Amino acid sequence: VLPSPDRPAPSVSITEIRQYLRAQDIPFHDGYSCLHTPSLFTGDRGDQPLSSNAPFTLFIDKTTGSFLCTATLAEGTWQDFQANVEMRHRGITPIPPASSEEMEEEMRQAREDARCIWERALPLWELLDEKETKETKALFGISQVSNATLKRFGVRYLRTARSLVFPWFSPQDATLKGLKLVRVEKKGGTITYVEETLPRFDSYRNLFGLSLIGRRDTELVLTGWELDALALHQAAGVASVALPRGASCLPPTLLPYLERFKRITLWLGEDLRSWEAAKLFARKLSLKRCSLVRPGNLQPRPLEALNQGLNVTKILRSALLASHKSIVSFRQLREEVFGELVNTEQVSGVKWARFPELNKLLKGHRRGELTIFTGPTGSGKTTFISEYALDLCMQGVCTLWGSFEINNVRLAKIMLTQFAGRRLEDQLELYDEWADRFEELPLYFMTFHGQQNIKTVIDTMQHAVYMYDITHVVVDNLQFMMGHEHISVDR
C-alpha cells in the first residue's frame, strides 16, 4: 500500500537537496541518478564535519530524495536524512531508520529459509550422472552454457522442486541474502518459466551477478533474466547483471549500485514490452550513459543469441544510444517503423487472457491510452474492472488501483476471489496458499477513499510510476474522486 494520503511524503526538488547539503557543509558529487555524499552512519561520529576524503557511500535519489548507504545498508526518506543530520549536529550518533520488528523478523526468517534451500541444492555441474545434467540443461535451454560459467555464477539445482537456484550475495561481504528459484512448466506446446523468490517478491532487491563485477569495470549490460546474464558473460566476456523482476520493474533502491558505471547497455528481452521497459529504465538511469539493444529476428534475447550461435559482441556494438535529439529524420525512425510492422500483434498491446471478445474491441492494453467504462449503479463496473485489471496484472503489467468508492479490503477480497476462482469463505484452509500467490502480483493500492484533492492523487500516481514502474492505473470511480458537489461544473 502506498503512503497514506493524510500525510504524503512532501516532495523535494533536486535544487532544494543541493542547497541543503551546501548549507550543512556536506560534500557531494553529482552522479547520474543520485547525489553521492560521505555516509552519516560510518566513520567519524559526533559534530565533526563530514570529511570529503571519506568514501562517498551514501546515495541520495535525485527524484525522490530518499537515501541508501551502501556500506551499512541504512536507508530512508529525505526527512529521515535531515533528522539524522540534525542529530549529528547535536553530537548524537545518527541511527538508521528502523523497519518494524515484524518485517525484520520476516526478513530473518526468509534468509534462514534461503540458506536451508541453498544447502540442499546441488551445484549443477556436480549432479550424479552426466545424463541428468544434460537433461536438466536441455529442459532450461542452457545446453550451450558451460560448467565454468555456471560455477562462476554459483547456479545450483534443487532436485525436489526441479528448479534452478540463483543465489543473491551481498555486494559488501558476499553473504547469502536470498534466492530465486526457477522451474519449467509445459502446457501443450508452450513452455513457461515459473519464478519464486526468498525473501518475498516486493522486498527482493538484488542484482544477480553484481558481486562478481570488478572495481575497475566501468561498462555493464543489464538483462531481464539470470540466464541471459550467464549467456552474455560467456559469449562476450562482459560484466552483466540481471534485474530481480525482469523487464517489469527497476526498483529505485538498486540505482546506487549502478552509479559507478559510465556506460550501461540494456538488453532486456526479445519483445516490444522489453523495448518499452528499456526506454523507461534508461530515463531513470540517465539517458546520456545508456544504450539499448532493439529486439528483432537477428537480435533475440542473449540466451537465444548464444544458442543460435549469433555474434553477441556485434549485437552489443550495434546498441542504440538512448539519448535522442529533439528532431529526427525518417532514416533514424526507419528501423522502429519496421519493428512495428513486423510485430503488429505486440504493438496492439497486452492481450486479455479471460476476455477474448474484449481483444476484438480494444486489441490489448497499451501505455498512454485512456479507457472509460460507464454504466448505471450496480451494473457490475467494479466487479468487471477488477477482473480486467487482474488479468493484465497476472501477465506482469504493474498495476495501481485507486478505489474511491469501495475500500481496499473489500476490493482485495473481490480480486482474491477472482484470482482463486473459488469461494474462499467456504474453504478457509486454502486462504494462506492463495493469499501467498496473490501477494506475488505486481499490484498496488492507493489508500484514498471518497472525495480527494486531484493534485494529491496525481502526485501519488507519479510517485508510484517512478517507484514501481506502474504501467496501468485504475480509477474507480471519477464521480467519487471529484466529489458530488461539483456536478454542475464542467469537469
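Modeller: What follows concerns a predicted model, taken topic by topic.

Colleague: How many residues does helix H3 have, and how far does it reach from its first C-alpha to its last?

Modeller: Helix H3 covers residues 101-120, which is 20 residues. The helix reaches 29 Å from its first C-alpha to its last, close to the 28 Å expected at 1.5 Å a residue.

Colleague: Which residues of H3 are buried?

Modeller: They are Ala110, Ala114, Ile117 and Trp118. Seen down the axis of H3, these buried residues fall within an arc of 100°, so they line one face of the helix. In general, an α-helix has 3.6 residues a turn, so residues three or four places apart point the same way.

Colleague: What do the buried residues of H3 pack against?

Modeller: Their partners are four strands: E7 (156-158), E8 (163-169), E9 (176-187) and E10 (190-198).

Colleague: And which exposed residues are on the face turned away from the buried side of H3?

Modeller: That face carries Glu101, Glu102, Glu119 and Arg120.

Colleague: Another pair, then. At what angle do H15 and H16 pack?

Modeller: Helix H15 (residues 408-420) and helix H16 (residues 431-439) pack at about 100°, with their axes 10 Å apart. Angles of 65 to 115 degrees count as roughly perpendicular, and H15 and H16 are therefore roughly perpendicular to each other.

Colleague: Which residues make the contact?

Modeller: H15 contributes Ala412, Met415, Leu416, Phe419 and Ala420, while H16 contributes Tyr431, Trp434, Ala435, Arg437 and Phe438. By class, the contact has nine nonpolar residues, no polar residues and one charged residue.

Colleague: Where are they found, and is each buried or exposed?

Modeller: Arg162 is found in the loop between E7 and E8. Arg162 is exposed, with a relative accessible area of 53%. Ser286 lies in the loop between helix H8 (272-285) and strand E14 (290-292). Ser286, by contrast, is buried, with a relative accessible area of 12%.

Colleague: Lastly, which peptide bond is cis?

Modeller: The bond from Leu198 to Pro199 is cis, with omega near 0°. Pro199 lies in the loop between E10 and strand E11 (219-223).

How values were computed. Residues are numbered from 1 along each chain as its sequence is written. This is a predicted model: local features need pLDDT of at least 70, side-chain atom pairs count only at pLDDT 80 or more; totals for chains, interfaces and linings use all residues. Side-chain values use heavy atoms; hydrogens and water are left out. Axes are lines fitted to C-alpha atoms, for helices over the stretch in contact, and angles run from 0 to 180 degrees between N-to-C directions. Helices (H or I, at least four residues) and strands (E, at least two) are DSSP runs, numbered from the N terminus. Angles under 35 degrees count as roughly parallel, over 145 as roughly antiparallel, 65 to 115 as roughly perpendicular and the rest as oblique. Contact means heavy atoms within 4.5 Å. Ala, Val, Leu, Ile, Met, Phe, Trp, Tyr, Cys and Pro count as nonpolar, Asp, Glu, Lys and Arg as charged, and the others, Gly among them, as polar. The expected span of a helix is 1.5 Å times one less than its number of residues. Buried means under 20% relative accessible area, exposed over 50%, partly exposed in between (1.4 Å probe, protein chains only). The arc is that of the directions from the helix axis to the C-beta atoms.
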